[in-house]
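I opened my notebook for a friendly look at one helix contact and a few aromatic rings. Here is the structure I worked from.

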Amino acid sequence: MDYVIIVAGGKGLRMGSDIPKQFLPIGGKPVLMRTIERFREYSADLQIILVLPKAQQAYWQQLCKDYNFPLPGEAGSGSYLLADGGETRFHSVQHGLALIPDDATGVVGVHDGVRPFPSVEVIRNCYEAARTHQAVIPVIPVVETLRHVAEGTKPRGDYRLVQTPQTFDIQLLKAANRQPYSDAFTDDASVVEAFGHAITLVEGNRENIKITTPYDLKIAEVLI
């Protein structure tokens, strides 16, 4: 069985809102619901694990009732599991991984809850590539000039912007996440790289933005 761990721990500080950004509506529906639905479009059989801070879970469950969206653990085609958020993203992913059986085989993706627009094709490519390469991330080219504060202009062709879902062999990600936490763990690929495994890049889609600021929210409305 394949899994996806959707991590949603934002507090909305950069959004300037009292409501965490994953719960803000775009096109009349909360961001996080659209993210979950996109993975359901990819596969009805994918086991979804949603990771939310405990303090946000009651609000999420109320939103599910308000929008007639499946509740965590509810049986049916839209079912998904709920895990408690951790101190950092690394620890949140650990909590999600704990809901996957220790002897499980297959691929697990880790995705930002505030990225509702990964294309189904990109999701599929990430999962299929991970069956061969074990550790895969979607990336897109840098289109603007990069400048290092101390070293000056850098050739943009040497860089890529990293997106999610980042997909891994289940046993590889479980083993990598047993490492002690490091501030260098900026995403799941960095955790797996620190464990000694190479990362394979696949093409992402530019619409797969991370909704972090009010400007991003405006772009999301256009994309809807």
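In which hand, left or right, does H1 pass H4? I found a right-handed crossing of H1 with H4. I kept in mind that this is a predicted model.

**Entry: the helix pair**

I looked up the geometry next: the axes of helix H1 (residues 31-42) and helix H4 (residues 120-133) cross at roughly 65 degrees and come within 9 Å. On the H1 side I noted Arg38, Phe39, Glu41 and Tyr42 in the contact, and on the H4 side Val120, Ile123, Arg124, Tyr127 and Arg131. I sorted these contact residues into 5 nonpolar and 4 charged, with no polar ones.

**Entry: aromatic pairs**

I then turned to the rings, where the structure holds 8 aromatic pairs. One of them is Phe23 with Trp60: the ring centres are 6.1 Å apart and the planes at 25 degrees, so I logged the pair as stacked. Phe23 sits in the loop between strand E1 (3-7) and strand E2 (25-26), while Trp60 belongs to helix H2 (residues 54-66), 37 residues apart. Phe23 counts as buried at 3% relative accessibility, and Trp60 is buried at 0%.

I also checked Phe90 and Phe185, whose ring centres are 5.2 Å apart with planes at 35 degrees, so this pair is tilted. This pair links distant parts of the chain, 95 residues apart: Phe90 lies in helix H3 (residues 89-97) and Phe185 in the loop between helix H5 (170-176) and helix H6 (188-194). Both Phe90 and Phe185 are buried.

**Entry: a cluster**

Last, I came back to Phe23 and Trp60 and found them in one aromatic cluster with Tyr59, Phe69 and Tyr80.

Notes: Residues numbered from 1 in each chain as written. Predicted model: local features only at pLDDT ≥ 70, side-chain atom pairs only at ≥ 80, totals over all residues. Heavy atoms only, no water. Axes fitted to C-alpha atoms, helices over the stretch in contact; angles between N-to-C directions. Helix = DSSP H or I, 4+ residues; strand = E, 2+ residues; numbered from the N terminus. Left-handed = near helix turned anticlockwise from the far one by under 90°. Contact = heavy atoms within 4.5 Å. Nonpolar A, V, L, I, M, F, W, Y, C, P; charged D, E, K, R; others polar. Phe/Tyr/Trp six-rings, centres within 6.5 Å; stacked < 30°, edge-to-face > 60°. Buried < 20%, exposed > 50% of the residue type's maximum accessible area, 1.4 Å probe, protein only.
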